Amino acid sequence: MPKKDTFNVAVIGAGAIGLDHINSFQQHPAAKVVALAETSPARGREAADRFGIKELVTDYRKLLRRADIDVVSIALPNYLHAKVALAALRAGKHVMLDKPMATNARDAAQLVAAAKQGKRLLMVGQNIRFTPDVQTAKQLVTDGVLG
């Protein structure tokens, strides 16, 4: 895959988690949120206006067909995570989804296999993974001080 300076992101879901995803991506210089999918037109319009997102759709599959979208961020109810993530991976997108990645081990394994097969990144958001205290604890374990 060619090295890129910026990545176009589509966020699927404009609930509280989706708004957090949009806000986080917009704070990163290499990410540009270019589209939002939300089944509630009113909630979607409010989020799109708030964050200056130009494209709003009610069917996420429309965004998966866009060649210019590199990353899909999934902020949906848990039971939809695996289905939507698998569709995104099969569409050639990198995927960031909130935890849990799936509601059963079979679906989780299918996501990992699809990511490997398509040579795409699959990340499951663990909200405290990158906080300073967790990173310090990880470093202590890595250095052999703990664990």
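This is a predicted model: local features need pLDDT of at least 70, side-chain atom pairs count only at pLDDT 80 or more; totals for chains, interfaces and linings use all residues.
Biologist: Which residue stands opposite V71 in β5?

Modeller: H94 stands opposite V71.

Biologist: What holds paired strands together in general?

Modeller: Strands of a sheet pair through backbone hydrogen bonds, and the pairing can be parallel or antiparallel.

Biologist: Back to the model. What is the order of the strands in the sheet?

Modeller: The order is β3-β2-β1-β4-β5-β6, in an open sheet of 6 strands with parallel pairing.

Biologist: Which strands are at the edges?

Modeller: β3 (55-57) and β6 (122-125) are the edge strands, since each of them pairs on one side only.

Biologist: By how many degrees are neighbouring strands turned against each other?

Modeller: The average for this sheet is 25 degrees, with direction ignored.

Biologist: How many bridges join β1 to β2?

Modeller: There are 6 bridges between β1 and β2, and the two strands run parallel.

Biologist: Is β2 largely enclosed or largely open?

Modeller: β2 is largely enclosed by the rest of the structure, because 6 of its 7 residues are buried.

Biologist: Which helix lies across β2?

Modeller: Helix α1 (residues 16-26) does, and it also lies across β1 (7-12), β4 and β5. Helix α1 runs at about 155 degrees to β2.

Biologist: New topic, E38. Where does it lie?

Modeller: E38 is in the loop between β2 (31-37) and α2 (41-51).

Biologist: A loop residue, then. Is E38 buried or exposed?

Modeller: E38 is buried, because its relative accessible area is 5% and the cut-off for buried is under 20%.

Biologist: What does the side chain of E38 reach?

Modeller: The E38 side chain reaches the backbone nitrogen of S40 at 3.0 Å. There is also a polar contact of 3.1 Å between the side chains of E38 and R43.

Biologist: And which residues does E38 touch, not counting those up to four places away in sequence?

Modeller: E38 touches G13, A14, G15, R43, G44, L56, V57 and T58. R43 is therefore both on that list and joined to E38 by the polar contact, which needs a pair of N or O atoms within 3.5 Å.

Biologist: Now the aromatics. How many aromatic pairs are there?

Modeller: The count is 0 aromatic pairs.

Biologist: What lies over the face of Y60?

Modeller: R61 does, at 5.7 Å from the ring centre.

Biologist: Next, A108. Where is it, and is it buried or exposed?

Modeller: A108 is in helix α5 (residues 105-118). With a relative accessibility of 17%, A108 counts as buried.

Biologist: What is A108 in contact with, leaving aside neighbours within four places in sequence?

Modeller: A108 is in contact with M101 and A102. A82 is 26 residues from A108 along the chain, and their C-alpha atoms are separated by 7.0 Å.

Biologist: Last one, Q135. Where is it found?

Modeller: Q135 is found in helix α6 (residues 132-142). Q135 counts as partly exposed, at 34% relative accessibility.

Biologist: How many Å apart in space are Q135 and A16?

Modeller: Their C-alpha atoms are 25 Å apart, and the two residues are 119 residues apart in sequence. Leaving aside neighbours within four places in sequence, Q135 is in contact with R129 and F130.

Definitions and conventions
Residues are numbered from 1 along each chain as its sequence is written. Side-chain values use heavy atoms; hydrogens and water are left out. Helices (H or I, at least four residues) and strands (E, at least two) are DSSP runs, numbered from the N terminus. Buried means under 20% relative accessible area, exposed over 50%, partly exposed in between (1.4 Å probe, protein chains only). A polar contact is a pair of N or O atoms within 3.5 Å; within protein, one must be able to donate a hydrogen and the other to accept it, and residues adjacent in sequence count only if both atoms are side-chain atoms. Contact means heavy atoms within 4.5 Å. Two strands pair if DSSP finds at least two bridges between them. Axes are lines fitted to C-alpha atoms, for helices over the stretch in contact, and angles run from 0 to 180 degrees between N-to-C directions. Rings of Phe, Tyr and Trp (its six-membered ring) pair if their centres lie within 6.5 Å; planes under 30 degrees apart count as stacked, over 60 as edge-to-face and the rest as tilted. A charge sits over a ring if NZ of Lys or CZ of Arg is within 6 Å of the ring centre and within 35 degrees of the ring normal.
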